[in-house]
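Have the structure open beside you as you read.

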Amino acid sequence: MASGIKDKVAIIGMGCSRFGERWGDSAEDLMVEAFTEALADAGIATADIGAAWLGTSYEEIGVGKSAIPLAAALRLPNLPVTRVENLCASGSEAVRGAAYAVAAGACDIALAMGVEKLKDTGYGGLPVRTRGSFNDLWMPSMSAPGLFAQLASAYAAKHGTDPRDLKRAMAHVSVKSHRNGALNEKAHLRRAITEEQVLNAPTVAEPLGVFDCCGVSDGAACAIVTTPEIAARLGKSPIVTIKAMQIAASDGSEMSHTRWDGTSVANTRIAAARAFDEASVRDPAREIGAIEVHDCFSITELVTMEDLGFSKEGRAVQDILDGRYDHDGAVPCQIDGGLKCFGHPIGASGIRMLYELYLQINGRAGKRQLPDLRLGLTHNLGGAPMSNVASVNIIGRLE
Amino acid sequence: MTSDTTILPSVGITGYGAWIPRRRIGRKTIAGAHAWFNAALMGGARGRRAQASWDEDSITMAVAAARGALAGSDPARVSSLWLASTTLPFLDRQNATLVAEACGLLPAVRTLDLTGSLRAGTGALLSGLLDAGLPEGRTAIHVAADTRRAKPASPDELAFGHGAAAITLGREGIIARLLGWCSESDDLVDHYRAAGQEHDYRWEERWARDEGMVRRAPSIVRALLDDVGMAPSGIARVIVPAATAGDAQRVAKVCGLAPERVTDPLADGCGQTGAAHPLLLLARSLEDAAPGERILLLGFGQGCDALLFETTEAIREYRPAAPVSAALASGWDDDNYMRFLAFEGTIALEAGIRAEADLKTAHSVAYRSHAAVTGLQAGRCSVCGTVQFPPDRVCVNRDCGAIDRMEPYRLADRTARVVSFTSDVLAYHPDPPSRYGMVEFDGGGRLLVEFTEWERAELAVGAAARLVFRIKDYDRTRGFRRYFWKAVPA
């Protein structure tokens with residue numbers, strides 16, 4: 001039985017660029033911005049880093065292939081660098097590589113960088129790209145909102161939810177994230193909105209309107225990890241350690257087998273169960289103080305509350321409307337504004353989620369600070385409900 | 001030449017199917033848009049014509065008609081499929097092969113494209129009837145389809161319609177037998193479409209009618225009737241594939257045939273469907289015909305084909321799965337002339353940057369997967385019975401996981417139910433929004449699929465849907481188009 005990664009790896013430095021439409025900056029500029037902050041936070045020099053991972057998804061419009069763009073931008077002295085790509089979970093994948101290297105003893109200090117430069121495509125939303133030469137022969141012309149919007153149709157049918165209630169709960173998700181994001185100086189979208197604005201916004205993919213969709217942003221986020229021993233030697237207090245780091249990927253079941261009913265993200269459930277086990281979390285809602293989930297669309301956040309087990313099956317609509325996931329609710333969710341408002345530079349998002357929890361645990365979240373956060377969870381999802389990679393990480397204080 | 005009545009073929013018509021695109025536009029709408037330019041068009045602007053949707057062409061319409069004609073029959077018994085059209089999407093890539101595979105026919109089928117004239121439809125049918133190579137117990141299917149484009153403000157724009165018809169032939173279960181035929185070749189160029197040209201060039205309509213049909217038809221009909229020893233009064237139904245009922249009746253009249261016996265040329269609700277029109281009207285006539293009726297079928301185009309049929313007792317029991325009347329009745333009005341022009345390919349709308357995606361086809365991949373893509377063959381695990389699309393090598397059922405135990409399993413003819421859906425205005429689509437979702441098939445298997453013809457049906461979880469073969473997308477850079485299956489809500 002594997003012993004897992006709990007408390008074997010500490011996060012000693014993190015950085016995150018301002019997210020948004022960074023017209024004047026390149027992907028390399030954004031990486032340097034995040035790296036500078038992380039390096040200063042860690043209190044180490046570039047020469048102390050033993051290996052690095054780069055997570056980026058749309059390399060064709062950004063940095064190009066390989067991890068060399070990371071090594072070159074940061075002038076990493078001929079380090080072993082690796083580029084990873086797992087759709088929107090690429091950032092979490094980069095952290096996994098770095099953390100596992102430290103846990104394995106392959107290096108003392110490792111760096112994970114996630115970056116995406118989406119505003120060099122010429123249009124709003126995500127760029128269209130091939131799904132592979134075979135899939136392109138048969139898959140419909142689809143968009144990310146359309147793929148996730150289908151959750152709403154199946155969810156409402158299964159639970160007999162009044163579409164108006166579902167739409168209101170989805171609106172509440174966005175209103176809450178805008179309220180939180182307005183307090184975040186690095187966030188892409190910083191204006192509070194009302195439920196009426198969300199409900200009256202133009203449709204993107206039924207039933208999702210413009211305000212049900214996250215920002216499409218430029219940005220980079222960076223994490224520096226090491227062993228708890230080195231973290232202690234560097235004088236870190238509290239020491240923030242990784243408690244669980246799990247990824248689950250589709251095996252084709254959702255796409256090709258009738259087992260999945262289209263109302264949830266199966267891999268989120270699997271990754272969450274594994275993560276709670278690895279972190280020895282018995283009662284997630286009580287033990288975990290804040291969550292950063294993959295709210296690419298309001299409906300995604302809604303079903304994620306059930307997939308992670310924070311809401312009972314069919315109860316997410318009511319829990320959301322009751323404020324359970326608001327900043328002052330039982331389980332604060334997207335306290336930094338989430339993908340919705342902080343923004344969603346694909347490769348950076350998984351690391352950005354960890355960045356917020358890291359700040360919160362260290363008591364450095366400014367106006368957003370939650371009281372005494374000890375354990376937080378990130379949920380980073382790549383792909384679409386019918387084919388995806390779900391990452392669930394838990395970090396917290398080393399007790 | 002005329003038939004040798006002493007050796008009439010033992011092959012006869014055994015069934016039929018038809019497809020008329022659902023979208024109908026009022027001719028007054030078309031003529032009204034041109035009133036500033038050519039007010040005279042309004043004079044002949046009556047009724048509605050059918051137009052292929054953006055995702056239909058002569059191949060997809062042929063598939064729809066052929067599937068209707070073959071409904072319920074064993075695909076292994078079909079030995080040939082011939083496709084007649086003047087609007088085949090490919091000049092060099094056999095179109096009939098694609099139609100055959102989409103219809104679920106086996107590779108051991110004789111396929112052929114026939115083109116070059118509006119007479120291709122009757123020519124194909126006659127050749128098929130005279131084809132002594134059809135073995136006993138086997139079926140030959142002859143499909144004709146046309147999607148002729150017309151210049152805006154031309155009389156053709158009003159007269160044309162899009163449609164397809166399929167006729168099955170065999171030696172058993174014959175519902176109509178060929179009594180005789182007469183054929184004449186004559187290079188009368190009332191209109192033509194040169195290679196590489198989008199539209200027809202047309203000589204004066206009155207000349208085409210009077211010289212092309214009215215003057216030619218009587219001698220041919222007389223020769224045929226003399227040949228079989230029948231008086232004009234013995235003919236119960238006369239099929240003249242003219243654009244209007246008036247023209248059709250005029251031709252009948254000069255041939256000594258009663259005008260009231262002329263089959264309605266479907267000017268209202270369809271329009272003149274080119275090479276498909278004689279077969280479409282034949283299918284329409286057979287629908288109403290009683291046993292023992294004689295039906296005269298004429299086809300024009302650089303000459304004339306005249307075929308004389310007699311229905312048999314078997315027609316009493318024959319129930320068509322896709323009759324013309326159903327195709328006519330299932331149309332809907334879309335009086336949007338700009339959409340009409342966009343679907344005709346006459347105007348190019350700014351489709352936005354998402355339409356710039358390169359849709360290059362990897363032909364080696366397409367060939368490896370043609371059974372799945374064209375034939376909608378899923379895999380059925382021979383160990384656990386799980387049906388799966390795409391048909392991968394390892395069974396998707398995680399309680400099974402058998403490797404290389406898949407059997408081909410066609411999903412196209414099975415009823416599906418909607419699991420999830422959306423209506424997407426962001427993704428590029430020639431007729432937005434893009435509607436797609438997951439459907440699940442009776443008997444197992446699921447498919448992430450585009451919906452088409454959803455305009456008149458409410459999409460809902462659990463709603464029934466059936467699969468149709470349609471154009472998936474166009475690679476305009478390379479002049480290629482791809483086909484796949486779409487779901488139509490019931």
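## A note on the model

Please keep in mind that this is a predicted model.

## Chain B as a whole

Chain B holds 13 helices and 22 strands. Along the principal axes, its C-alpha atoms fill a box of roughly 75 × 60 × 35 Å. A compact globule of 490 residues would have a radius of gyration near 23 Å, and chain B agrees with that, because its own value is 23 Å.

Of its 490 residues, 50% count as buried. Among the contacts in chain B with a separation of 6 or more, 72% are made by residues 24 or more positions apart.

## Where chain B meets chain A

The contact between the chains involves 40 residues of chain B and 33 residues of chain A. On the chain B side, the elements that give two or more residues are helix H12 (363–368) and the strands E18 (416–424), E19 (434–441), E20 (446–450) and E22 (480–489) of chain B. E18(B) provides the largest share of this side, with six residues.

What is the make-up by class of the side of chain B that touches chain A? This side has 20 nonpolar, 12 polar and eight charged residues.

## The domains of chain B

Chain B is divided into domain 1 (5–344) and domain 2, which is made of two segments, 353–362 and 412–489. The C-alpha centres of these domains of chain B lie 29 Å apart. Their contact takes 14 residues from domain 1 of chain B and 14 residues from domain 2 of chain B.

On the domain 1 side of that contact, helix H2 (58–70) and helix H3 (95–102) of chain B each supply at least two residues. H2(B) gives the most, with four residues. Sorted by class, this side of domain 1 of chain B has eight nonpolar, two polar and four charged residues.

## The domains of chain A

In chain A, the domain assignment gives domain 1 (10–120 + 218–233) and domain 2 (143–214 + 240–397). Their C-alpha centres lie 24 Å apart. In the contact between them, domain 1 of chain A takes part with 34 residues and domain 2 of chain A with 31 residues.

Four elements of chain A give two or more residues to the domain 1 side: strand E1 (10–16), helix H3 (90–104), strand E4 (110–117) and strand E7 (218–226). Which of them gives the most? That is H3(A), with seven residues. The classes on this side of domain 1 of chain A are 20 nonpolar, 10 polar and four charged residues.

## A closer look at helix H9 of chain A

Helix H9 of chain A covers residues 266–278, and its 13 residues should span 18 Å at 1.5 Å a residue; the end C-alpha atoms are 19 Å apart, so the model agrees with that expectation. After H9(A) comes A:Ser280, whose phi is positive, near 55°.

Which residues of H9(A) are buried? They are A:Ala266, A:Asn267, A:Thr268, A:Ala271, A:Ala272, A:Ala275, A:Phe276 and A:Glu278. These buried residues pack against both helices and strands of chain A: the helices are H8 (253–256), H10 (284–287) and H11 (298–307), and the strands are E8 (240–249), E10 (375–384) and E11 (387–397).

How values were computed:
Residues numbered from 1 in each chain as written. Chains lettered and ligands numbered in written order. Predicted model: local features only at pLDDT ≥ 70, side-chain atom pairs only at ≥ 80, totals over all residues. Expected span 1.5 Å × (residues − 1). Buried ≥ 20, exposed ≤ 12 C-beta atoms within 10 Å, placed from the backbone. Contact = placed C-beta atoms within 7 Å. Domains from an automatic or database assignment. Nonpolar A, V, L, I, M, F, W, Y, C, P; charged D, E, K, R; others polar. Rg over C-alpha atoms; globule rule 2.2 N^0.38 Å.
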